[in-house]
Structures are given as C-alpha cells and as structure tokens.
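Hi,

Here is the structure I promised to pass along.

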Amino acid sequence: MTSTAILITLLASQSSVCGNCQPDSCATPADGLRSRLERVVSDGKVIFGHHDDTAYGFDWQYEDGRSDTKETVGDYPGLINWDLGLIECDVPVQLDGVPFEFIAQEVRKQNARGGINSFSWHPRNPSTGGDSWDVTGTAMAEIASPGSALSDTIRSWSGKAARFIASLTDEQGRKIPVVFRPWHEHTGSWFWWGKDLSTPEQYKELWKITREEFDKAGADNVVWAYSPDRVASLEDYMERYPGDDYVDIFGVDIYHFGGEQGTPEYVETAKRILGYTTTLAKERGKLAAFTETGLEGITIADWYDSTLLPLCEEFPIAYVCVWRNAKHDVKPGHFYVPFKGHPAEKSFKKFHDSNRILFSKELSEIK
Ligand code: BMA
C-alpha cells in the first residue's frame, strides 16, 4: 500500500468510527449539549423548564402547539421534562397517560425550536409489581446481587429506556441530545430506590447497571443528572453519588411546601443545597441545575419573581424545572405554571422578562 492509500484507509476508518461527528471534531450529541449548557452558565443565564409542557395543561390536552407557559408569557419553556415511567412495561403510554410516540414528536419539535429536553423515570417496583412509590419488597438488595433475576430485570428495563432515548432523532436523522436523571430523590424514602430501602453501595450499583445498558444501546445523546431531594449536609448529598464518570450535572429537587409560612424554609434550604451543587460543579468541571421545584397551585401570587427568580440570580445553575400542570378535572390543584387568568400570571411574566432567564426563543440563540 502506498502512503497515500494508507492515509485514505485511515481517514475512512476514522470517519466510520465517528459516524455522528461534525467534520472538525469527534463530539457526541451529549458533548454538544454539555457545551451548550456550559455556555448558558458562562453567559450568566438560567433556562426555564416545565414538565410535560406541550402535552397537556390546566384545561386542555394533546392540542397541537398549546402550552400553558406560551399562553401566559408568549414563549415555550427553554427545557421540557418528560417521564419514562412504564417504558419498562412495553406499553404505548407512560404513567400519566402521555403516549411515548407523542413524546418523541414533541421532543423533536422542542429541539427544532432550539429548546432542550430532559427525562425523569418513575419505573415500577420490580420486586412487587407495584409502582415507584411502593416501598415494600427487597428490590435494591436483589438488584445489587450480580446475576440475580432482578438485576437482569433492571438491565432489561434500562435497555428499553436507553433504546427509546437513542431513537429520538431530528429531521436529519441525528440523535437529539437530552438530559436524563434516573433514580431521583433517593435521599428520601418514598421511592423503592430511596435511602431507607437501600445501602449506598446498592444505590451506586443501580446507576452502574443503568449506565452499562445505555452504553450498550449506543445512547451517546445523554447528559446525566444526579438529583437528590432535600439533604441535611454536603456529606448526605454525596453519600450515594455514583462517581464523576457517571454524572454531568449536580442537580437537586426541592419543592416549596406550606405556602407563605413555608417560604423561609424553602429559600434557606434551596440556597444551602444550590450552594453545594454549584460549588461541586465548579470544583469538578461539571454543571449544576435545579432539577425540580415548584409551589403547587402557585398559592403565592408573586412567587415567580419574588421567590424563584432571586434563587436563579444567585446561583450559576444551567436550568430550573417546575413540575406539571395536571388537567384540573384529572388532578385538581396540581399545577406549577400559571395558566391564563391565574393570579400569579403577572409574576410569571416578570420572571420571563428577566434578562437572566431563558425561554425557548432566547435559548435558541445560544447554540
Ligand atoms: C408526581 C405527581 C403525580 C405523577 C408523578 C409522575 O409528582 O405529579 O401525579 O403521576 O409525579 O409524573
């Protein structure tokens, strides 16, 4: 072989290894999203997110183009979170009734408008057949035992989640990068993978198994988020941390409970823990995010600009995500974004108008 032929062969083999690459780099779709989120943080911005935003709202469901967020502030959220619960059961709709096919389409639309998507997962309890909130049985001990039936179950379930995520593609057939935050809120004990239901080693093993199956499925479009709930200390936050090889985003889920009276506790807790996450992100070259928050029913009319906005201004987090607007006749009072006519609409507009907060249009300008 001549040296030119060798060079051509080498180049050809490299381009087949890097099938998804831009011509000038070998970045995966996940690398692209990580860099984009880093740019958001270095620009001093915070992306606003809402769970299931375009699937349903206060008084509608599955109507093309609709969004309570857009109808209130004129734009879609910068980030939309979706939940994979029941993907493990090979059924067409997830736990709150949203068809997986619909999610795939909305992920594509959100990506096309320059927005970002993230995923949580509330899988069934593999030990009892109950839901995520069924804290009976011995799932965690069994899963952590290599070769056990339940460890195989979690491998199979993770493979299903991974294949769905890896199948999310844009109009050009390129994989859409997403944030995935499995096994969330594990510092509480309301899910079967929670603190009182497992040892730290068992919890870390769950992450390891999940990651192995995502890698096997070629899901290189995943940015991984770790999202504990409230913790008493940095040690508690890190007790079950699976390791720097597994995590890109230090997240936290903290809800505001107790109305006006609960404000000081919410703000103090959020400040303390966002302090941990943003410090860890800086020290380890990673990202931080407020992965879930909200005040159910938004019973404090100025909550968005008086309580949430200052937290977003104080901490260098890539995004903040509030939970869903359940349809009022399905789960009354369970909403986190004001709909048209709600008393918190004005405050949400002020939050939107802050030059620190990104909804989809402004986010689309940060490539
Ligand atoms: C909870 C509630 C439930 C929902 C679950 C999973 O916080 O919103 O109604 O089923 O999340 O999305």
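This is a predicted model: local features need pLDDT of at least 70, side-chain atom pairs count only at pLDDT 80 or more; totals for chains, interfaces and linings use all residues.

Before the charged pairs, one term: I call it a salt bridge when a side-chain nitrogen of Lys or Arg sits within 4 Å of a carboxyl oxygen of Asp or Glu.

What about burial? Lys216 is exposed, at 62% relative accessible area, whereas Glu213 counts as buried at 9%.

A second pair is Arg230 and Glu265, whose closest N and O atoms are 2.9 Å apart. This one ties together distant parts of the chain: Arg230 is in the loop between β7 (222-226) and α8 (234-238), while Glu265 belongs to helix α9 (residues 263-284), 35 residues apart. Both count as partly exposed, Arg230 at 23% relative accessibility and Glu265 at 39%.

Asp31 is partly exposed, with 27% relative accessibility. Over the whole structure the search turned up 28 salt bridges.

Now the nonpolar side. The largest nonpolar core has 88 residues, and those touching the most other members are Phe48, Leu84, Phe119, Phe164, Phe290, Tyr304 and Phe351. Helix α6 (residues 149-166) supplies the largest share of this core, 8 residues. Another core, of 19 residues, lies apart from it and includes Leu37, Ile116, Tyr319 and Leu363.

Phe290 is one to click on: leaving out residues up to four places away in sequence, its contacts include Val252, Ile254, Tyr266, Ala270, Leu274, Leu308 and Leu311. Tyr319 is also among the residues that Phe290 touches.

Last one: where does Asp353 sit? It is in helix α11 (residues 345-353), and it is exposed, with a relative accessible area of 59%. Asp353 and Val73 are 280 residues apart in sequence, yet their C-alpha atoms are 8.6 Å apart in space.

Cheers

Terms used: Residues are numbered from 1 along each chain as its sequence is written. Side-chain values use heavy atoms; hydrogens and water are left out. A nonpolar core is a set of buried Ala, Val, Leu, Ile, Met, Phe, Trp, Tyr and Cys residues joined through side-chain atoms within 4.5 Å. Buried means under 20% relative accessible area, exposed over 50%, partly exposed in between (1.4 Å probe, protein chains only). Helices (H or I, at least four residues) and strands (E, at least two) are DSSP runs, numbered from the N terminus. Contact means heavy atoms within 4.5 Å.
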